[in-house]
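Have a look at the sequence and the model, then read on.

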Amino acid sequence: MEAINKFSMSVLSRSANEGFARASVASFAAQLDPTLEEISDIKTAVSEAVTNCIVHAYKDSIGKIYINSEIYDNGVLKIKIRDKGCGIENVEKAMEPLFTTVGGERAGLGFAVMQSFMDTVKVRSKTGVGTTVIMSKRISPRYTVNGRE
């Protein structure tokens, strides 16, 4: 199925850009006429994914975070957040709730939060190459796009 609309951007892995990324994806998703809860879910999931890039992928450096979002005719919003950072050694372990590699104030709940707010979350990663998080959410079927229900 081909997307009916697409959005792409990249930001530097600075904390100041997390809110911008979150708001940008939420603004793009708004054309589906989501509920406030659905917008909040999307914002939270994007925040977690971007924060993971900032905190984990580029620990001691600044790199680019690539954000792509697509809307499909069936009301599905797909979001891809990718970095070219250090990668995740064990994705399965990293996705376990409370697992963290940095400790301190980090709770290790990023992937669990993403999974709780989105319909699907897939993570691909290669050590030394980077990580891609692909999330999707079907927006309530009360929307119209280009006059179609």
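## Ground rules

This is a predicted model, so to speak of local features takes a pLDDT of at least 70 and side-chain atom pairs count only at pLDDT 80 or more, while totals for chains, interfaces and linings use all residues. Residues are numbered from 1 along each chain as its sequence is written, and side-chain values use heavy atoms, with hydrogens and water left out.

## Overall layout

The chain has four helices and five strands, with helices (H or I, at least four residues) and strands (E, at least two) taken as DSSP runs and numbered from the N terminus. Read from the N terminus, the order is β-α-α-β-β-α-α-β-β.

Of the 149 residues in the chain, 45% are buried. Buried here means under 20% relative accessible area, exposed means over 50%, and partly exposed is in between (1.4 Å probe, protein chains only). The accessible surface comes to about 8,100 Å², and 48% of that belongs to carbon and sulfur atoms; the areas come from the Shrake-Rupley method with a 1.4 Å probe, and for residues only the protein chains shown count as cover. Now for contacts, meaning heavy atoms within 4.5 Å: among those between residues at least 6 apart in sequence, 66% join residues at least 24 apart.

## The nonpolar core

A nonpolar core is a set of buried Ala, Val, Leu, Ile, Met, Phe, Trp, Tyr and Cys residues joined through side-chain atoms within 4.5 Å. The largest one has 33 residues, and those with the most contacts inside it are Ile65, Ile79, Ile81 and Met135. Elements that give two or more residues to this core include strand 1 (5–12), helix 1 (16–29), helix 2 (36–57) and strand 2 (64–71). Helix 2 gives the most, with nine residues.

What does Ile81 touch, leaving aside its neighbours within four places in sequence? Its contacts include Val46, Ala49, Val50 and Cys53, along with Ile65, Tyr66 and Ile67, plus Thr131, Thr132, Val133 and Met135.

The buried residues of helix 1 are Glu18, Ala21, Ser24, Val25, Ala26, Phe28 and Ala29. They pack against strand 1, helix 2, strand 2 and strand 3.

Between helix 1 and helix 2 there's a loop that holds Asp33. Asp33 isn't a glycine, yet its phi is positive, near 60°. Is Asp33 buried or partly exposed? With 44% relative accessibility, Asp33 counts as partly exposed.

## Two salt bridges

The whole structure has two salt bridges, each one being a side-chain nitrogen of Lys or Arg within 4 Å of a carboxyl oxygen of Asp or Glu. One joins the side chains of Arg22 and Glu18, at 2.8 Å from N to O. Both residues sit in helix 1, four residues apart, about one turn of the helix. Arg22 counts as partly exposed because its relative accessibility is 28%, whereas Glu18 is buried at 15% relative accessible area.

Asp41 and Lys137 form a salt bridge too, with their closest N and O atoms 3.3 Å apart. This pair links distant parts of the chain, since Asp41 is in helix 2 and Lys137 in strand 5, 96 residues apart. Asp41 and Lys137 are both buried.

Strand 4 and strand 5 run antiparallel and are joined by seven bridges; two strands count as paired if DSSP finds at least two bridges between them. Lys126 has Gly130 in strand 5 as its bridge partner. Three residues lie between the strands of this hairpin, and Gly128 takes a positive phi near 80° there.

Thr131, in strand 5, is buried at 8% relative accessibility, and its side chain meets that of Ser125 in a polar contact of 2.7 Å. Ser136, also found in strand 5, is buried with a relative accessible area of 15%. The side chains of Ser136 and Thr120 are joined by a polar contact of 2.4 Å.

Definitions and conventions. A polar contact is a pair of N or O atoms within 3.5 Å; within protein, one must be able to donate a hydrogen and the other to accept it, and residues adjacent in sequence count only if both atoms are side-chain atoms.
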